[in-house]
Amino acid sequence: MTRRTALALGGGGLLAMTLAACARGSDTQPSAPGTVTLNSDNPTWGPGYAAASAVLAKRIGYRITSRSIASVNNYTQVIRMTAQTDSTTDLIKWTNGYRLQDIARADILTDLNPVWDAAIEHGWVDPAQRESFSYRGKAYGVPLYKSYYAVFYSKQAFAEHGIDVPTTFDEMLDAAQRLKDAGITPFLSPGATTWEAEIWFMQLLASIDPDYYKAVTTDKASYTEAPAQQAMDLWSSMYAEGFFSAPDVTSNDLPGLVKQGKFGMMLYGTWFANTLLAAGLSDADIGFFRVPPRGSAAPAIVVESGSLSVPVKAHRHRAAVEVAENWLATDVQTAWVGFLGDTSPNPHALPKSNLVKVLAKDIADTSPVELTRYWEASPTPLIEGNVQDLGSFMVNPSKPNGAATLRSMQNRAVTEWKTWNAA
C-alpha cells in the first residue's frame, strides 16, 4: 500500500469496512431534486445551512441538505472512506491548510480554481486566503467560515478598575497586572489537555514575529530559534506573574465567571461569541480586542477557517460546484453569519452583533498579517504531537520546561516533515 492510498483510506481494514457500511444507505443515491447533500461534523449548524440555502435557492435553484456526524474522529474516517466512492455526499465540510492538503493528495476532491477566480473578481474573499485552501497550485475548497483569535474582555471589570482597551502588548500585560491586583483572574486559559493548548503559543509567536510563525510552520525554521524561545519565556513569565487560570478551568466556565465579576480576559476564537450571547451575556458585558504586536513586530492575527469542498464523485457534481461558486456571495454569507454570529470570509457580510462588528472594523482598518491557525498550519501528526507537548508545558510552565518543550517539538518536526516530504 502506498502512502497516497493510506491517506485516502485513513485507517485499518476492519475499521474502514465498518465506516463504509455505516455511510451507505441513502447516501448512495442522489438527493431530492433541487438539493445537494453536505456532510458535516457540526449538528448545531443545521439552521445556518437552512438560512444560507434559502438564499442559494433564489440564486441557483439548489438548497443544501446537511447530514452530520457528531464525533470528529468518526467523521474524519467516514469522509476519507466515502469521498472516493458512490457513498459520498455532494459537498463535505473539512478544514483548510495541511489537513486539506492531506486529502487533496488522494485525488478525491475537485479543483476549484475557477471558483476562486470568480470570487476574487467579485470581491467576495481576500485573495491571500487562497493559499491555505490549495495544494500544488490547485484550490480544493472555498472558505466555509472565517474566525479570528482575539481577546474577549469583561467590560465591567475594565470599567470598574479604570482599564482602557490595550493598544500595545505591554498595555495588555499592565491590564493583566491591575486585574490580578483587584483579585480578578487576568486570563482564562483552557487547554492543558485539549487542542486549546496551541492558542497562547501561536499567538505569542504571531505577536513576536509573524514571518517566523510562517517559517516554522512550513519547515523553513527551527522551533529552537530565538522567536520561539522568546515566546516560551514570555509565556512562562506570564504564568509566574499569576496571569493565567488554573489548568482545569474551561471556556464553558466563562459566562459564570463574567457574571460573578471574576473574569478579566480570554484569548479565543470569535466563533465563541455566539455561545456567550446565547448564555445570556450581551455586548454590554463583553468586548473584543486584537492582541497587539510585541515591540516593533508587524500586527498579526490568527485565522481559523473551514473548507467547503466538492468530492470528484459527487452525485450532483455540477450543482455542488454551483453552490461553491455562490457560497461566498454577500447575500448568502449575510444569512450564514447571521446564524453563526461570527465574521465572514466575505468582508462585506457582517453579523448583527456589535461584539464582532467592532473587531471586524478594527481588522479592516489595520490590515494585520493573517496567519493560518496552528492546528492546520503543518502536517497533522506534527501539530497534534506538539500540542500535547504544549499542554504538558501548561501544567509545568517553567522556563527550563519551555526550552525542553521546544526541543521535543523540533525533534518531532524533523521526523514528520521528512515523512510528509517523502509522500
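Reply: First, handedness. A crossing is right-handed if the near helix is turned clockwise from the far one by less than a right angle, and left-handed if the turn is anticlockwise. Helices (H or I, at least four residues) and strands (E, at least two) are DSSP runs, numbered from the N terminus.

This is a predicted model, in which local features need pLDDT of at least 70 and side-chain atom pairs count only at pLDDT 80 or more, while totals for chains, interfaces and linings use all residues. Residues are numbered from 1 along each chain as its sequence is written, and side-chain values use heavy atoms, with hydrogens and water left out.

The part to inspect is H3, residues 46-60.

Start with H15, residues 330-340. H3 packs on H15 at about 165 degrees, with the axes 8 Å apart. The pair is therefore roughly antiparallel. That label applies to angles over 145 degrees; under 35 is roughly parallel, 65 to 115 roughly perpendicular, and the rest oblique. H3 passes H15 in a right-handed crossing. On the H3 side, the contact (heavy atoms within 4.5 Å) uses Pro 47, Gly 48, Tyr 49, Ala 51, Ala 52, Val 55, Leu 56 and Arg 59. H15 supplies Asp 331, Val 332, Ala 335, Trp 336 and Phe 339. By class, this H3–H15 contact holds 10 nonpolar, one polar and two charged residues. In these classes, Ala, Val, Leu, Ile, Met, Phe, Trp, Tyr, Cys and Pro are nonpolar, Asp, Glu, Lys and Arg are charged, and the others, Gly among them, are polar.

Now turn to H14, residues 317-327. The angle between H3 and H14 is about 105 degrees, and their axes are 11 Å apart. H3 and H14 are therefore roughly perpendicular. Tyr 49, Ala 52, Leu 56, Arg 59 and Ile 60 of H3 meet Glu 322, Val 323, Asn 326 and Trp 327 of H14. By class, the H3–H14 contact has six nonpolar, one polar and two charged residues.

Next, the wider context. The protein has 18 helices and 11 strands. Its radius of gyration is 22 Å, close to the 22 Å that the globule rule gives for 423 residues, so it is as compact as a globular protein of that length. The radius is taken over C-alpha atoms, and the rule is 2.2 Å times the number of residues to the power 0.38. The C-alpha trace spans about 65 × 45 × 40 Å along its principal axes. Buried residues make up 55% of the 423. Buried means under 20% relative accessible area, exposed over 50%, and partly exposed in between (1.4 Å probe, protein chains only). Of the contacts with a separation of 6 or more, 78% join residues 24 or more positions apart.

Trp 195 lies between strand E7 (185-187) and helix H9 (198-208). At 25% relative accessibility, Trp 195 counts as partly exposed. Leaving out residues up to four places away in sequence, Trp 195 touches Tyr 149, Tyr 268, Trp 271, Arg 373, Trp 375 and Val 387. The C-alpha atoms of Trp 195 and Gly 391 are 8.4 Å apart, at 196 residues along the chain.

Conventions: Axes are lines fitted to C-alpha atoms, for helices over the stretch in contact, and angles run from 0 to 180 degrees between N-to-C directions.
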